[in-house]
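Subject: Structure handover

Hello,

Here is the structure you asked for, with notes on what came out of it. Please read the notes with the model open beside them.

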Protein chains: 2
Amino acid sequence: MIITKQHLLDTHERISDYIHRTPVFTSSLINEIVGTEIYFKCENFQKMGAFKMRGATNAILQLSNTEKEFGVATHSSGNFAQALALAAKLQGIKAYVVMPSNAPEIKKAAVKGYGGEVIECEPNLQARETTLNEVVNKTGAVFLHPYNDYYVIQGQGTAAMELIEDYADLDCIFAPVGGGGLLSGTALAAKHFSPNTKVIAGEPMGADDAWQSFQKGEIVPQTNPNTIADGLLTSLGDKTFPIIRDYVEDILRVEEEEIISAMRLIYERMKLVVEPSSAVALAALIKEKEKYQNQKIGVILSGGNVQLSKLPF
Amino acid sequence: MIITKQHLLDTHERISDYIHRTPVFTSSLINEIVGTEIYFKCENFQKMGAFKMRGATNAILQLSNTEKEFGVATHSSGNFAQALALAAKLQGIKAYVVMPSNAPEIKKAAVKGYGGEVIECEPNLQARETTLNEVVNKTGAVFLHPYNDYYVIQGQGTAAMELIEDYADLDCIFAPVGGGGLLSGTALAAKHFSPNTKVIAGEPMGADDAWQSFQKGEIVPQTNPNTIADGLLTSLGDKTFPIIRDYVEDILRVEEEEIISAMRLIYERMKLVVEPSSAVALAALIKEKEKYQNQKIGVILSGGNVQLSKLPF
């Protein structure tokens with residue numbers, strides 16, 4: 001599927017009643033530190049606390065009425081689980097979420113809080129897929145992938161669309177990359193609505209499969225990720241990778257201390273609660289700041305769902 | 001001095017080039033918990049991170065050019081110290097800040113970072129006043145009190161003015177009370193711009209001098225305050241107290257765990273970094289929520305300058 005400008009326009013119109021148009025924040029102090037003008041798209045203020053709400057909503061709204069009757073299913077222990085549960089609730093349909101039995105209770109509770117049904121499985125890839133298949137076979141629910149899905153990608157792209165609408169002449173947009181839903185959506189939004197805006201990804205050194213894939217020209221799966229940025233542990237998919245390969249300018253890797261230091265800036269100077277994954281894009285920009293002096297830069301703060309007791313400062 | 005509607009209008013116009021018009025946030029989840037519609041005035045996003053910037057700016061702008069040449073001086077280890085330093089810097093004048101020698105280094109550094117000169121003194125009231133007098137005598141700087149000053153009070157009142165301008169039909173506005181600058185300014189703003197809006201204060205049980213003064217009808221000084229809300233440790237002044245006595249509807253006291261629990265809600269659900277003092281107003285509303293069902297309520301989030309390493313969760 002080739003995602004066109006019209007696809008993105010239709011997506012934004014379709015989901016706009018069910019998502020927040022999030023604000024764009026600036027910080028003169030961070031601008032001074034980096035030597036550039038930064039526009040932060042605050043998806044931490046999105047419904048359920050992350051951009052994932054956009055893609056989940058779009059994917060659900062694409063379903064036929066018959067499909068909706070049986071509900072939707074996914075496997076996720078992160079923000080997509082909650083996003084799907086809430087997006088399904090807002091459409092009055094059922095959401096089944098397969099989660100590893102060792103996922104934090106707080107995350108299971110959040111999915112249930114949004115009305116989702118949690119189905120636990122053993123904490124390994126095979127159990128996850130088997131359990132998901134069982135759920136789909138038993139309930140007739142439609143499986144929606146957390147990121148490797150064109151409708152999800154379109155939905156995630158609407159964050160950058162809004163940012164570009166607000167600030168038309170950005171030189172670059174920085175976004176974090178995990179499975180690539182946000183990054184590929186952002187790249188398509190820039191391509192269609194602001195072709196001179198380069199899209200650059202930040203990725204943790206301890207989970208650098210996207211960087212490796214980007215270098216090698218083919219998907220390199222993520223094994224044993226090790227990073228505080230717990231939203232960025234997954235591998236790219238066969239739908240997200242080609243878009244990233246073709247339309248993303250660069251992927252920059254950052255160390256853990258660089259992520260924490262960027263996160264601290266966002267808390268201390270912007271007074272925003274963000275999750276570590278959100279700080280990865282800013283960390284990448286800061287690391288390479290010499291290259292971006294005096295530019296106008298968009299940074300997507302992807303979400304704010306952090307366990308307060310586990311803040312790294 | 002009687003502060004009129006025109007005083008407040010003039011103040012707002014005078015300072016508006018030097019402060020942020022802060023946004024008003026809402027949270028459907030917190031509304032559900034409290035059973036009311038809450039409009040949060042986000043002074044954590046104010047310049048230097050707290051409403052104090054408003055009063056400091058107004059007090060400085062009232063000075064004659066001759067006075068400005070000699071600069072301004074204050075004693076504070078809190079947000080007013082930083083606010084005065086930054087407000088003075090923006091007017092190109094000098095600020096001297098007397099701080100106890102045991103004040104956290106990070107706070108001294110913040111004042112210096114804004115270009116203020118820190119003068120350390122022994123950590124007791126007498127040393128503070130003696131040192132301040134020395135500074136004033138030596139430099140000719142004008143002493144500006146952190147809250148017991150009509151121009152400061154007018155400046156702090158502009159936060160509620162803006163909130164009322166944005167949401168005209170509020171039933172109540174909740175604000176925290178320490179020395180009473182914000183509370184008295186808020187009460188005057190409501191009296192002049194929305195006379196049907198009641199102003200209610202939240203105060204920590206461990207620093208309840210305002211509540212005691214309010215009950216007794218005269219100023220009861222604060223001794224040995226003990227609360228996480230480190231912006232609310234001071235006593236009312238002879239300028240703030242009469243305004244509070246005459247125009248504030250009620251003062252509600254809250255326990256430490258109620259403050260922390262309200263603070264957690266603001267972090268987790270609103271994704272906002274606020275200092276403990278900011279959570280006191282919401283804590284008071286939650287404590288007495290039965291009385292405020294289905295009302296429209298303003299809550300002033302006073303500031304966001306918190307030491308991240310000392311978060312209570």
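I begin with one residue. Apart from its neighbours within four places in sequence, Thr227(A) touches Pro204(A), Ala207(A), Leu233(A), Glu256(A) and Ile259(A). Please keep in mind that this is a predicted model.

Thr227(A) belongs to the loop that runs between α10 (209–216) and α11 (240–247) of chain A. Is Thr227(A) buried or exposed? With a relative accessible area of 13%, Thr227(A) falls under the 20% limit and therefore counts as buried. Its side chain has polar partners as well. One of its contacts listed above, Glu256(A), meets Thr227(A) side chain to side chain in a polar contact of 2.7 Å. A polar atom of the Thr227(A) side chain also lies 3.0 Å from the backbone nitrogen of Ala229(A).

Next, the domains of chain A. In the contact between them, domain 1 of chain A contributes 25 residues and domain 2 of chain A contributes 18 residues. The size of an interface is often given as the accessible area lost when the parts come together. For domain 1 and domain 2 of chain A, the buried area is about 1,800 Å², with 58% of it from carbon and sulfur atoms. Which residues of domain 1 supply more of its share than any other three? They are Tyr18(A), Met48(A) and Tyr151(A), which supply 37% of the area that domain 1 of chain A buries against domain 2 of chain A.

Now the contact between the chains. Chain A and chain B each put 17 residues into it. About 1,500 Å² is buried between chain B and chain A, and carbon and sulfur atoms account for 71% of that. On the chain B side, Lys271(B), Val273(B) and Leu308(B) give 45% of the area buried against chain A, more than any other three residues.

The rings come next. Over all chains there are 10 aromatic pairs. One of them is the edge-to-face pair of Phe25(A) and Phe45(B), at 4.8 Å centre to centre and with 80° between the planes. Why does this pair join two chains? Phe25(A) sits in strand β1 (residues 24–25) of chain A, while Phe45(B) sits in the loop between β2 (37–42) and α3 (52–61) of chain B, so the pair links the two. Phe25(A) is buried, at a relative accessible area of 14%, and Phe45(B) is buried too, at 11%.

Another edge-to-face pair is formed by Tyr267(B) and Phe313(B), with 5.3 Å centre to centre and 70° between the planes. Tyr267(B) is in helix α12 (residues 256–270) of chain B and Phe313(B) in the segment after β10 (296–301) of chain B, so this pair ties together parts 46 residues apart in sequence. Tyr267(B) and Phe313(B) are both buried.

Phe25(A) and Phe45(B) also belong to one aromatic cluster with Phe45(A) and Phe25(B).

Last, charges over rings. In chain A, Arg253(A) lies over the face of Trp211(A), 3.4 Å from the ring centre. In chain B, the charged end of Arg253(B) is placed over the ring of Trp211(B), at 3.4 Å from its centre.

Regards

Key: Residues numbered from 1 in each chain as written. Chains lettered and ligands numbered in written order. Heavy atoms only, no water. Phe/Tyr/Trp six-rings, centres within 6.5 Å; stacked < 30°, edge-to-face > 60°. Helix = DSSP H or I, 4+ residues; strand = E, 2+ residues; numbered from the N terminus. Buried < 20%, exposed > 50% of the residue type's maximum accessible area, 1.4 Å probe, protein only. Lys NZ or Arg CZ within 6 Å of the ring centre and 35° of its normal. Polar contact = N/O pair within 3.5 Å; in protein donor to acceptor, adjacent residues only side chain to side chain. Contact = heavy atoms within 4.5 Å. Buried area = accessible area lost by both parts, 1.4 Å probe.
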